[in-house]
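Please open the structure in your viewer and keep the selection panel handy. We will walk through it stop by stop, and at each one you will hear what to select and what to look for.

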Amino acid sequence: MSKFKKKKGGELPVISTASLPDIVFMLLFFFMVATVMRDSTLMVKNKLPAADQIQKLDKKDRVMYIYAGEPSSRYTDKYGSQPRIQLNDKFATVSEVAAFVLAERATKRQELQNVLTTSLKVDGDTKMGLITDIKQELRKVNALKINYTTRIGNYTQNRD
Amino acid sequence: MAKRSAPEVNAGSMADIAFLLLIFFLVTTTIETDSGISRKLPPMEDIEDPPIIKQKNIFTVVVNKYNQLLVEEELTSIEDLRSLAVEFLDNGGGEGEDACNFCQGPGDPKSSDNPVKAIISLKNDRETSYKVYISVQNELVAAYNDLRDREFMRLNPNDGLTFVEAFKMYSDPRTSFDQKKSLKPKLNLVKEMFPQKLSEAEPSKNKN
């Protein structure tokens, strides 16, 4: 029966890759939409403490970040191992916090300037003295809404 | 002249370009949103003649420089903090106009009058570790949330939501306007019943 005659030559049929760009584009768009770019590189250790009574910081445009903790291993030669504050890409002292907040506030839109939240991303092993100093500075410039940014987890994870 | 069809552009490298972009976004992406404990700092101005608060309405929590927890001047472990705070807030020991008609606590006259009057005072040392401080904050907020959940469910049994869930729904931008409008008074009512009165003292200096 000629209908079922085997084709000559055992070559594998070529898989069409014409739809590959479509698939890749689909993934690309997903990541483009979901992406939030990190605007500063971390220069401090930043193992956040865990908490479970938390609220989300949804609107990124009304948040400013203050990092604090021990300088990470790359910077310990230069800056020592005492906990420090990081603002944008630089180490800073407590007295620079107020100026930073004012500068950040000035870059935001008028209607958002009063609803800004300061997110404190502080390493769990930092002492409260530094955080209290930051809080006092924030009070001076009337940036009263703060958020202690944490990992999601139970408080018992904070023990080690 | 014969009509020539337009030459087709080779799209073979399209996939490469797209891959390149894809990898770039894959590397720079951080999908998760930040979350944490939100607090409001008191404004800087000094209050002249501060209101007199009865000692029994204050629940003192102290964390010393050795990260030990003192609740009402007694050494306590952090596991017990939440239940102690709930017991204090929910005590309802007031009489007359201070009486609390929804409290389920023992009504001890030595403890707080009602949740509106009750204040939790948190004090920490400069040497206290941030982890411990966050744990304590977390447990105190949890105490408030537990009580608010209870009252929210009692007042709105048909919603099938706890206070925390309802609040989350309220702050979610996807929730419709009508739903938000119906949630808002319910949330505010419970917030007024259990206002978060968490006062933080200026930290004690380490003198030794």
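Start by selecting V190(B), which is buried because 23 other C-beta atoms lie within 10 Å. The cut-offs here are 20 or more other C-beta atoms within 10 Å of a residue's own for buried, 12 or fewer for exposed, and partly exposed in between, with C-beta atoms placed from the backbone. This is a predicted model, in which local features need pLDDT of at least 70 and side-chain atom pairs count only at pLDDT 80 or more, while totals for chains, interfaces and linings use all residues. Residues are numbered from 1 along each chain as its sequence is written, and chains are lettered from A and ligands numbered from 1 in the order in which they are written.

V190(B) belongs to helix α5 (residues 177-193) of chain B. Helices (H or I, at least four residues) and strands (E, at least two) are DSSP runs, numbered from the N terminus. Now show what surrounds V190(B): leaving aside neighbours within four places in sequence, its contacts are R148(B), E151(B), F152(B) and F163(B). Contact means that the C-beta atoms of two residues, placed from the backbone, lie within 7 Å. For a sense of scale, draw a distance from V190(B) to V132(B): these residues are 58 apart along the chain, and their C-alpha atoms are separated by 29 Å.

**Two helices of chain B**

Next, select α2 (residues 78-89) and α3 (residues 130-155) of chain B, which pack at an angle of about 40° with their axes 9 Å apart. Axes are lines fitted to C-alpha atoms, for helices over the stretch in contact, and angles run from 0 to 180 degrees between N-to-C directions. α2(B) and α3(B) are therefore oblique to each other; angles under 35 degrees count as roughly parallel, over 145 as roughly antiparallel, 65 to 115 as roughly perpendicular, and the rest as oblique. On the α2(B) side, the contact is made by I78(B), L81(B), R82(B), A85(B), V86(B) and L89(B). Among the residues that α3(B) supplies are V136(B), L140(B), A143(B) and L147(B). By class, this contact has 10 nonpolar residues, one polar and three charged. Ala, Val, Leu, Ile, Met, Phe, Trp, Tyr, Cys and Pro count as nonpolar, Asp, Glu, Lys and Arg as charged, and the others, Gly among them, as polar.

**The sheet of chain B**

Which strands form the open sheet, and in what order? Five strands of chain B lie in the order β4-β3-β2-β5-β6, with mixed pairing. Two strands pair if DSSP finds at least two bridges between them. β4 (74-76) and β6 (198-200) of chain B stand at the edges with a single partner strand each, so one side of each has no neighbour in the sheet.

Walk across the pairs in turn:

- β2 (residues 58-63) and β3 (residues 69-71) of chain B run antiparallel, joined by three bridges. Here V62(B) stands opposite L70(B).
- β2(B) and β5(B) run parallel, with six bridges. Select T60(B) to find S121(B) opposite.
- β5(B) and β6(B) are parallel over three bridges, and L122(B) has E200(B) as its bridge partner.

**Over to chain A**

Now pick P83(A), in the loop between α2 (76-79) and β4 (84-87) of chain A. With 20 C-beta neighbours inside 10 Å, P83(A) counts as buried. Its contacts beyond four places in sequence are A68(A), G69(A), E70(A), T126(A), K127(A) and L130(A).

Move along to β4(A), where both faces are covered: R84(A) and Q86(A) on one side and I85(A) and L87(A) on the other are all buried. Strand β3 (residues 63-69) of chain A joins β4(A) in antiparallel fashion through three bridges, with A68(A) partnered by I85(A). Strand β5 (residues 90-92) of chain A also runs antiparallel to β4(A), again with three bridges. β4(A) and β5(A) form a hairpin with two residues between them, and N88(A) in the turn has a positive phi of about 50°.

**Where the chains meet**

Finally, show both chains together: the contact takes 47 residues from chain A and 43 residues from chain B. The largest share on the chain A side, nine residues, comes from α1(A). Zoom in on β7(A) and strand β1 (residues 35-40) of chain B, which run antiparallel and are joined by six bridges.
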